[in-house]
Amino acid sequence: MMDFIKNLFGGKKEPPKRSAIDNVITAPLSEAQLQSIKATASARFEPVQLIVASGQSVGRQRELNEDSLFTLASTIAGNSGNPPFGLFIIADGMGGHQYGEVASNTAIRSISGYVLNKFHGSFFAMPSVPLEESLQEILMGAIMDAQRRVLQEAPGSGTTATSALVVGQQLTIGHVGDSRAYAIYPDHRIELLTRDHSLVRRLEELGQITASEAAVHPQRNVLYRALGQGESLEPDIVTMPFPVGGYLMICSDGLWGVLSDDEISKIVLGAPDIQRACQELVAAANNAGGPDNISVIIARMLS
Amino acid sequence: MGSVYRARDLHFPNVIKLVAVKEMINQAPDPLVRQTIVSNFEREANILATLSHPAIPRIYDYFSLDNRSYLVLEFIGGHDLEVIISQTEGFLPEEQVLAWAIELCDVMSFLHNHKPDPIIFRDLKPSNVMINQHNHVILIDFGIAKVFQSGQKGTMIGTEGYSPPEQYRGEASVQADIYALGASLHHIVTKRDPRLEPPFSFNERPVRKINPNVSAELESVINIALQYTPSDRFKSVEDFKQALIAAGRKTGLLNRINVGPSVIVQGNDIKPLWVFKCEDEIRGTPAYHNGSLFVGCYDNNLYALDAAEGKFQWKYATDGGVVSRPAVFEESLFFGSEDKLVHAVNMRSGKVVWTYATDGRVRSSPRIADGHVFVGSDDRMLHAINLATGRRAWTVDAGGEVRSTPFVTPDLIYFGAESGDFICANFNGNIKWRFKAKRSLTSSPWVYKDTVFVSSVDNHLYALDAKSGWAVWRFRMDKPSISSPAVADDMVFVGCSDAHIYAVDARSSKEIWRFKTEHQVNGSPVLYKDALYCGSIDGNLYCIEYKTGRMRWKFNTKGPITGTPVVYDDIIYVGSNDHLVYALLA
């Protein structure tokens, strides 16, 4: 056991002997590396830890940041169970409209306010008041409330909103627009969890245009569903198990529009922690030209 | 953008002549652009003024004032089709839709054949079609307002939902109007507004699945108009019109001859492999094991039958009706009875191994795990009974009769109670969490991908987080449900006393399809290969493609089916209240 800890935190004491094969990537793992992998793999986190980090940049070509983001990860652990609770939101206000930034800010504030209000009685009241509604109903209510407020606060503008509500092992995603949520797994699999409500994505799905045509299509920013647009709104709401052992990533099109899935998963899995991963993703998007505002949230569940 | 006013023409002071005045606001900041917009508007107004057709409003005048332009046109009394769709209860009759559609083809044909240049309407949708007092269509809003929208920049457009894919490449043709007419007809007959759906998704909402009253003929005409590729649609609106007329003739609707609802598949030619007659109703579910079929009956017996031929092997008598489905473990069968006992019986001989007494009727079906039998009773308890000895290990008080069959995972037990409580307990009988529905939970839960699915008498199908009991979603049905869900491919299937079998998306809780039977569905569906089998109180066993909700066949028994069929090796076994056990080919 002490060896594990030494291997984990050590390294200062006695740097491992360098040998010729150190630079060869496919070289067999050293005993010390194996030990450390075993130690991490068998580490148990009690209570389950839901951790989150984020990154944001105005980009290289815009003057105004119209993206907004919100993160909250919390734990209440005790005898009555220890469900991790988290809420993560990215909203991308519409360029070309006035008040895009007002719209995205209104969206994150009203969605988070609505959701936290609903959970307040269950988490903090004495005695605890059970939730009346299901998780999907709460998130749906929050998005419809945000729709109303965006119409009120920033008429004529619009915003995307991709929100992830984590309760226990369940990840519930409420989504409108073309911001995205991904699950990234340690074996470099990257899975898109949302469907863009954009015209080109729709044309692409129907085989009218190819993926490469979509990437340069003049109307690639055109959305057919967004908060603050039109009277009716039908957000996508789905629930799935949180990608345990992997990462949940939410980002605006300033990130996914310029980085490929491979580049994203390489950066996320290569970074020492999620904070660094967020910074490196933002930097990579800026290095690729930074044509749009960039926002990213990464969450992990350690259990 | 602008408004339409009802106005009175004061050129005729002695009579009341009403006109419609359409006001359009010129928002372009640049004076040159503004001027271009005004001259475009005037050009369009001049074209319209020359058109003479009963379905096109007449234009009396136009003028511009400051940054506003006005068009004075014929006043049309009546409502637009969008209003008519939303105010109609149920669906509009097909013959009415056909009549309007044919008139729309006529006016489109008039426009498309306009000389010197054809006029493409570009913006056909229900809100641009008025139905006047004489029940005739009038096209309004000739895209003339469109010239006022150009120059607006932004990343948003409202995709109209009625425009074809090629219109987004800037192509506007006769085929675009045909698509838009098809889209409008789709909206009219299904009442599903395409602006609320993803663009170009009509083929995901087949007309007759939403409104089965529509004839197959009209559906196929609408489908042709809605093809993605323009060349696959009708060549002209004249062809469209002819197809509509042909559809109307075929269905007899044009001659106002009423035809009854079309008959779907009939399964009368389905013959059972064998039937076996008991002496009273079979309300429960059989179990198959090793070539034998075991089924409980309200004649108080548990029967063992040869599954291949339906031959009697043995029966075991209890002192009450048996609805509980037997569980099999090694050499023994375990089941409950109305006589308040849980019986353990030798599978080969039908001789008793042990009995276990509860304080209520045992209608729940046992599950076996971890050396124990888990079963609910009307004494409000879930009982854990030692498999070998038949002695009580522990009980959990559920607060209401436990009639649901517990679901057992490698470390937890899930079950519902008539009090509406849903309980998750571990193998020591300690409650991990509890969820409360508004009314009883008779349905047996199913756990799939960390989610518990269970339906309730409070009209909902619930999805609960298996770890914590938080409600993830609830799906509302029209009436109470005691049917137990079946799950496959992220789809949840459940019956309901509103006569439907529902298929619901497990992730989004959206309804995928619903199938209507002729009476309550209190039995539970079972999935086998690509089909779902479920009985109904109407006496039928239905075989339905589970991906689409399409019925393959139904088989009629002479009594309600309240249990769940069992499928093994392409053979379905089901009991009915007509006292018979049936074996059918799947």
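Trainee: Where do I start with charged side chains?

Mentor: Side chains of opposite charge can pair when their charged atoms come close. Over all chains, this predicted model holds 40 salt bridges.

Trainee: How far apart are the closest N and O atoms of Glu204(A) and Arg201(A)?

Mentor: They are 2.8 Å apart, and the two residues form a salt bridge. Now look at the sequence spacing. Glu204(A) and Arg201(A) are three residues apart in helix 5 (residues 199-205) of chain A, so about one helical turn separates them. Glu204(A) is partly exposed at 23% relative accessible area. Arg201(A) is partly exposed too, at 22%.

Trainee: Which residue does Arg195(B) meet in a salt bridge?

Mentor: Its partner is Asp193(B), at 2.9 Å from N to O. Check the accessibility of each end. Arg195(B) is partly exposed at 28%, whereas Asp193(B) is buried at 17%.

Trainee: Which residues are linked in a network of salt bridges?

Mentor: Look in chain B. Glu338(B), Asp378(B) and Glu418(B) are linked with Arg361(B), Arg363(B) and Arg403(B).

Trainee: Why does the pair of Arg474(B) and Glu137(A) join two chains?

Mentor: Start with the contact. Arg474(B) and Glu137(A) form a salt bridge, with their closest N and O atoms 2.7 Å apart. Arg474(B) sits in strand 28 (residues 471-476) of chain B, while Glu137(A) sits in helix 4 (residues 135-153) of chain A, so the pair links two chains. Glu137(A) is partly exposed, at 27% relative accessibility.

Trainee: How many salt bridges does the rule find across the interface of chain A and chain B?

Mentor: It finds three. On the side of chain A that touches chain B, helix 3 (100-124), helix 4, helix 5 and strand 8 (236-241) of chain A each supply at least two residues. Strand 8 of chain A gives the largest share, five residues. For one more charged pair, see Glu204(B) and Arg202(A), whose side chains meet in a salt bridge at 3.6 Å, N to O.

Trainee: What is the area buried between chain A and chain B?

Mentor: About 3,200 Å², with carbon and sulfur atoms giving 56% of that area. In chain A, Gln170(A), Arg202(A) and Gln208(A) lose the most area to chain B, together 16% of what that side buries. By contact, 41 residues of chain A touch 33 residues of chain B.

Trainee: How do I read a helix, say helix 4 of chain B?

Mentor: Compare its span with the expected one. Helix 4 (residues 174-190) of chain B has 17 residues and reaches 24 Å from first to last C-alpha, close to the 24 Å expected. Then check cover: 16 of its 17 residues are buried. Just after helix 4 of chain B, Lys191(B) takes a positive phi of about 60°.

Trainee: Is Asp66(B) buried or exposed?

Mentor: Asp66(B) is exposed, at 79% relative accessibility. It lies in the loop between strand 3 (59-65) and strand 4 (68-74) of chain B. Asp66(B) and Ile25(B) are 41 residues apart in sequence, and their C-alpha atoms are 9.3 Å apart.

Technical notes
Residues numbered from 1 in each chain as written. Chains lettered and ligands numbered in written order. Predicted model: local features only at pLDDT ≥ 70, side-chain atom pairs only at ≥ 80, totals over all residues. Heavy atoms only, no water. Helix = DSSP H or I, 4+ residues; strand = E, 2+ residues; numbered from the N terminus. Buried < 20%, exposed > 50% of the residue type's maximum accessible area, 1.4 Å probe, protein only. Expected span 1.5 Å × (residues − 1). Salt bridge = Lys/Arg side-chain N within 4 Å of Asp/Glu carboxyl O. Contact = heavy atoms within 4.5 Å. Buried area = accessible area lost by both parts, 1.4 Å probe.
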